[in-house]
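Q: I would like to learn how to read the packing in a model like this one. Please show it to me first.

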Amino acid sequence: MKSFLFKEAILKAKLEALDKYGEAQTRRLIKPIPQKCVVRIIPSMSPSHWQSRLPVDMTALYPDTKPTDMLGGIHKSPYLPGEVVYFKESWRISHHVNGDACPCYRLDNKCQCGRSSLVSSMIFHWHSPLMMPEKYARTFCTITDVKPELFRVKDITSHDFNREGGQTSMDFLYDYDGRWVWRISFKRKE
Ligand SMILES: [Zn+2]
């Protein structure tokens, strides 16, 4: 199963967006990076593949453009609508009084079954989210929509701003300003 890996502050913002709006978004750079003169990305035959295209009149503007350049590039989203992903978090294995092992999360120091840890989260060594196996996850989401967009910070709608997780997420999105991204929407798995 695929996963989402967010910095902890972003993870918190995404969870809050899911609770408040019923859905959340994340943006990922499109690779390979579409050519500078690309003006649109169009869906191709497969829903997972999108194609960057040069505008038809680009050959007039750029005489060096070869017919093969007209196609631009093929871009595949890392996530697709309908796919289920799990959230990776900082975690450790804790034990209940009866000895049962249960994964516990640094974000709120609760374990997978929902109980709060009785010990401060400060005293433990937490495993990297990178190393979190799916079986220890507690948050699962379904991808509801994936669309390419030329991202402009100043043009983001309040709808998208909220679902990204507000200013916390926006602080990390400035690097994407003026670049082609996948806008990936998701909701909690039912
Ligand atoms: Zn537990």
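Q: Which residues have the most contacts inside the largest nonpolar core?
A: First, the basis: this is a predicted model, in which local features need pLDDT of at least 70, side-chain atom pairs count only at pLDDT 80 or more, and totals for chains, interfaces and linings use all residues. Residues are numbered from 1 along each chain as its sequence is written. A nonpolar core is a set of buried Ala, Val, Leu, Ile, Met, Phe, Trp, Tyr and Cys residues joined through C-beta atoms within 7 Å; buried means that 20 or more other C-beta atoms, placed from the backbone, lie within 10 Å of the residue's own. Here the largest such core has 18 residues, and Tyr79, Val85, Phe87, Val146, Trp182, Ile184 and Phe186 have the most contacts inside it.

Q: Which element supplies the largest share of this core?
A: Strands are DSSP runs of E, at least two residues long, and helices are runs of H or I, at least four, numbered from the N terminus. Strand 11 gives the largest share, four residues.

Q: At what angle do helix 1 and helix 4 pack?
A: Axes are lines fitted to C-alpha atoms, for helices over the stretch in contact, and angles run from 0 to 180 degrees between N-to-C directions. Helix 1 (residues 8-21) and helix 4 (residues 166-173) pack at about 135 degrees, with axes 8 Å apart. Angles under 35 degrees count as roughly parallel, over 145 as roughly antiparallel, 65 to 115 as roughly perpendicular and the rest as oblique. Helix 1 and helix 4 are therefore oblique to each other.

Q: Which residues meet there?
A: Contact requires C-beta atoms, placed from the backbone, within 7 Å. Ala9, Ile10 and Ala13 of helix 1 meet Gly166, Thr168, Ser169 and Phe172 of helix 4.

Q: What does Val85 touch?
A: Leaving out residues up to four places away in sequence, Val85 touches Met1, Lys2, Ser3, Phe4, Tyr79, Cys141 and Ile143.

Note on methods. Contact = placed C-beta atoms within 7 Å. Buried ≥ 20, exposed ≤ 12 C-beta atoms within 10 Å, placed from the backbone.
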